[in-house]
Amino acid sequence: MSLSRLKEPAAPPSSHFQNQEQGEELLRLIGRLYPICRSLTGSGVRETLAILRDYIPLALHSVRSGTPVFDWTVPPEWNLRDAYIKNSSGAKVVDWRNCNLHVLSYSAPVKRTVSLSELKRHAFTLPERPDWIPYRTSYYKENWGFCLSERQLSSLPEEDYEVVIDSSLQPGELNYGEFFIPGRTDAEILVSTHICHPSLANDNLSGVALAAFLAASLQREPRRYSYRFLFTPGCIGTIAWLSLNEKRVDKIHHGLIVACVGDAGKIHYKKSRRGDAEIDRAVAQVLKDCDAPHEIRDFSPYGYDERQFCSPGFNLPVGCFMRTPHGEFAEYHTSADNLDFIKGECLMDSLNKCLAVFDVLENNHTYVNQNPKCEPQLGRRGLYGSIGGDAQGKTNELAMLWVLNYSDGRNSLLDIAAKSGLSFALLETAAARLLDAGLLAAGENDAGAKLI
Amino acid sequence: MSLSRLKEPAAPPSSHFQNQEQGEELLRLIGRLYPICRSLTGSGVRETLAILRDYIPLALHSVRSGTPVFDWTVPPEWNLRDAYIKNSSGAKVVDWRNCNLHVLSYSAPVKRTVSLSELKRHAFTLPERPDWIPYRTSYYKENWGFCLSERQLSSLPEEDYEVVIDSSLQPGELNYGEFFIPGRTDAEILVSTHICHPSLANDNLSGVALAAFLAASLQREPRRYSYRFLFTPGCIGTIAWLSLNEKRVDKIHHGLIVACVGDAGKIHYKKSRRGDAEIDRAVAQVLKDCDAPHEIRDFSPYGYDERQFCSPGFNLPVGCFMRTPHGEFAEYHTSADNLDFIKGECLMDSLNKCLAVFDVLENNHTYVNQNPKCEPQLGRRGLYGSIGGDAQGKTNELAMLWVLNYSDGRNSLLDIAAKSGLSFALLETAAARLLDAGLLAAGENDAGAKLI
Amino acid sequence: MSLSRLKEPAAPPSSHFQNQEQGEELLRLIGRLYPICRSLTGSGVRETLAILRDYIPLALHSVRSGTPVFDWTVPPEWNLRDAYIKNSSGAKVVDWRNCNLHVLSYSAPVKRTVSLSELKRHAFTLPERPDWIPYRTSYYKENWGFCLSERQLSSLPEEDYEVVIDSSLQPGELNYGEFFIPGRTDAEILVSTHICHPSLANDNLSGVALAAFLAASLQREPRRYSYRFLFTPGCIGTIAWLSLNEKRVDKIHHGLIVACVGDAGKIHYKKSRRGDAEIDRAVAQVLKDCDAPHEIRDFSPYGYDERQFCSPGFNLPVGCFMRTPHGEFAEYHTSADNLDFIKGECLMDSLNKCLAVFDVLENNHTYVNQNPKCEPQLGRRGLYGSIGGDAQGKTNELAMLWVLNYSDGRNSLLDIAAKSGLSFALLETAAARLLDAGLLAAGENDAGAKLI
């Protein structure tokens, strides 16, 4: 039995976010989240999730420190109240309140007077970018440290410094947000993004904002698929979610990690470990159809949380949607990944591409030609010629012939798009007209999905 | 059990039509057929089939108008007695007797006086080719119309015109011709061509003449395969044939549609929907072996009657053999596709290539090496060295080694040709010598075929 | 059950032969073998095997003349005591004692006075290389003949010549040497080389010396695989071995023919008939990892004794390892393939590449990730980060992630190398560390092998 809403015409892709105001709304959300000091755990994460609840009705979840999650253990909660370096005159030469990247994330508390040389052993800089402050973490190995610009560090004279990191590392909780939009079936499309980075705009407030706006948009009307949005601290948060939800991951029919989606670079898509999952083919089709520069890469076992979803024990069909990939833009993990680095129109473009991918998935059906022996007579059904001899008419007729010929129950519209070279939208329209004419019937779709 | 005549040496490909006189015979047949006003049905089709019976003993078949054939209905029979446009002085400014393209095929009868502007609503021209008359049809939607050159139409002054189309659209019959040449087995090679076009030489009197000469040539001696030739009105004729012969289409092991085979362009072959059928590989091998420019294209669900044979309910191994494909030469479907546009030597070349393809199919066997462990000692059988150390001798030895090594019951000679890069003829000769020496035996061939 | 010694670290590839002295030892062996007059049978073969026993404890085998071996019969034994051409003054114008290529191999005895023109009918030269003496054989068709330089032949005046070939063709034996090095299992790696060529250095004293040194090196310590070395007369010797050992060829898991391995050309590897055997992938990986120019070719059924091992009745995973292939260097089968044509460093390079291939085979295991759901926490095991953020450290971490992600029981390290683009050595090291950490377990390896 097919559970699909086959006859409803597809919404035109990329129709959702097109005016400048929407881009500004995306940037406004990012602007609210930017100043917060986030890490894997702590009040910054909770504050972030609270702001997102202004946009979507996120469910908040917490996991106690010390809880085993697969091979890992939820770490103690880290909170930071203040941090600075004072020189011998008592002036703050580095002040965390100016930039929350200044503190090594998960720094243990410290309050000491140190020589310049000892300070340097705990200082991280980017000598090749002397004005930028790097972002560094030490989640699972206790340490303390400051990140500062090379110029700041090299200007410090030889004297004693008071270093203060007023942090706590105590039993607490790991927090994440989850938002489930039920569809007509319980087959799910997963969207996951990491929320653990402090004041870094592209990596990954861009992904956080995009996911929130996607969710807000998708909840407006019922869809074939259910959608699940996860806002988790990277790695440990996703591992915790997978550990708690292990039994139901088979509901995930397609998934996207979104990250680094606000810069001006071209779109990069990293395929799922399966390599030919429907999500992989849907993204490739959308990027081909919109004819914008892009790059599609094979799966590799590093990057964002596709690492966990695509670990061999899960091997879920989850790809990663980015503009410029992590580590491939100079600003990555530095203070230069700031609000100036991301653009409203790029965010909107990323968002629209994701919506277009979901539109393809929603409308990617396998049909069965009801008149498989010889062509049906399209003309007497008003589907041929009457359209006119213009080029668009011919292309529409061609699309119908492709759909009819390959709808033998084995090829989905995405398969037919790949064979024919025609756009998905054209084939989708052709299929809708052929369905209306009774020339197609639904084939096997949504294997294993149940009506909600 | 293998039903193949394995030991007979293959006739050398392209041996059949090589002198100018044969090219002239082909052109003579086309010249006889050219003036006839043909359409899907009517006396023109019957007259055409009658002429073809001067060459081959065609069986004539008819299907009554109104007969349902799959999703279609055989249309009323169309006949045309006269058609012209007279100006107010009574002079015929367009006269169908000069060129049978002048009348929209399947025009309803009309006898009226019309203004120039009304006439223009029923006139078809080619503005970009002002001296050529287009070919237009309206088979399944009642209409009337004239096709004329842009120069003719634009020279008509503003006045009233008498338009007369003395046609009839009445219950009658659809006619087609069929010629079956029994072979040693009931496995068939199908050749089909469309006979519904009026005075158009390349599309498709070239195909009609080629098929007739092919048939005449193939009937001269018994072959492994049976051959079935169809001369049908395009689309509806083939649909009618498939409808009437649905139960025995599984006898068709290989098939070719032939069309547009007389122009000077390079050969184009469009693969069957299966894409790797033996006919697809045989044509590719012949075109490679003869080292002439050519192009091989994937199947697409438009074109000639491969559309019907390759509809998903049949999915027969039928490709389409052409020189310049339909729609890709300027003269296509215009009065410029006339007797000057086709060449005797091009027709002969097309014919010889088709014969070479059938020779490959006839001789493409799967053998089993009778001495599979280590090489057999070719030398003591006079198959090695004794041939001489010349280059041709070495190539022949090489061909024997390829045949021996890959004749494990899974690879046919065509498969071995693809692996080795050697020509089919070379491997065929090698196989014949190895058979003679008892080093090969016939493998599984002609699955499902029965001796006739 | 896996029989592999999984935890032992791999020896670094290409570690074995690196100093000039070893190259000189290889050349010294070749120098000892070079003067001997070898053919398919006879005392030259026995003398050759005796010298090889100075290096490795070869087992000597003999097969009586007249013994049927598959489609062949072991030929009579050929021995040559003297051969020359004297002019009418009694001067030796051609003397076999100067160069053993002078006599057509397997020449029947002759002692006659012949005219120049009759002599020419039994003389072989290379007109395009007037100073070189060709190498010719007539194993299976009785004949006599001399090979000489074009310059020698053309300088002979018109007079009578005494031709003497003091040879014997009598019942005797075919000899070959075999050396078996037992490993931990009875799964074998075969190395085979032909020993039937007279004074020709690259083809194939290079292969003989390389195989002997390989064997000497591999016997020093026990390995996972057993190794079998064959030193056989080409073609008939291998056919004899296969005939006598037919029942146990399924022990051969991987095999290499080595020939023409001493010239300065780049390495060529010809794949086994299977095309994707583990040996084929191992050689390709080693050649890729060492980043030296090389060429990999598909199997073809001519060349060296891979022809026999890869005949369809055996189809063993045996490829052919060469530098410049037979027939592709001008010196091939001429007196110019002499001791000057081969280089110690090229021999050592070939030898080291073969050792590297065997190291890959020895260490190519399939593992099973013991923590397949999400990544394991490498950091707390000292496998991540602690290594340092340097480039090598990052690459090592990456290699561990690739091994973990793809060790699902279906991918061997070679498969993972192909997917990741990383070197085998890197992945092998990563796997060893993960095994130590308990994160991997052995998968199914050495199917069908038994512990020795």
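Residues are numbered from 1 along each chain as its sequence is written, and chains are lettered from A in the order in which they are written. Because the model is predicted, local features need pLDDT of at least 70 and side-chain atom pairs count only at pLDDT 80 or more, whereas totals for chains, interfaces and linings use all residues.

In chain B, the axes of helix H7 (residues 278-289) and helix H9 (residues 344-363) come within 9 Å and cross at roughly 125 degrees. Helices (H or I, at least four residues) and strands (E, at least two) are DSSP runs, numbered from the N terminus; axes are lines fitted to C-alpha atoms, for helices over the stretch in contact, with angles from 0 to 180 degrees between N-to-C directions. H7(B) and H9(B) are therefore oblique to each other; angles under 35 degrees count as roughly parallel, over 145 as roughly antiparallel, 65 to 115 as roughly perpendicular and the rest as oblique. Residues of H7(B), including Ala282(B) and Val286(B), meet residues of H9(B), among them Val357(B) and Leu361(B), contact being defined by C-beta atoms, placed from the backbone, within 7 Å.

Helix H6 (residues 236-244) of chain B is mostly covered, with seven of its nine residues buried. A residue is buried if 20 or more other C-beta atoms lie within 10 Å of its own, exposed if 12 or fewer, and partly exposed in between, with C-beta atoms placed from the backbone. Among the buried residues of H6(B) are Ile236(B), Trp241(B) and Leu242(B).

The largest nonpolar core has 135 residues, and Val403(A) and Leu427(A) have the most contacts inside it. Such a core is a set of buried Ala, Val, Leu, Ile, Met, Phe, Trp, Tyr and Cys residues joined through C-beta atoms within 7 Å. A second, separate core of 134 residues includes Phe231(B) and Ile252(B).

The contact between chains A and C takes 15 residues from each of the two. On the side of chain A, helix H6 (236-244) and helix H8 (306-309) each supply at least two residues.

Most residues other than glycine have a negative phi, and most peptide bonds are trans. The bond from Asp203(B) to Asn204(B) is cis, with omega near 25 degrees, and Asn204(B) is found in helix H5 (residues 201-218) of chain B. His333(B), not a glycine, has a positive phi of about 55 degrees; His333(B) is buried, with 20 other C-beta atoms within 10 Å.
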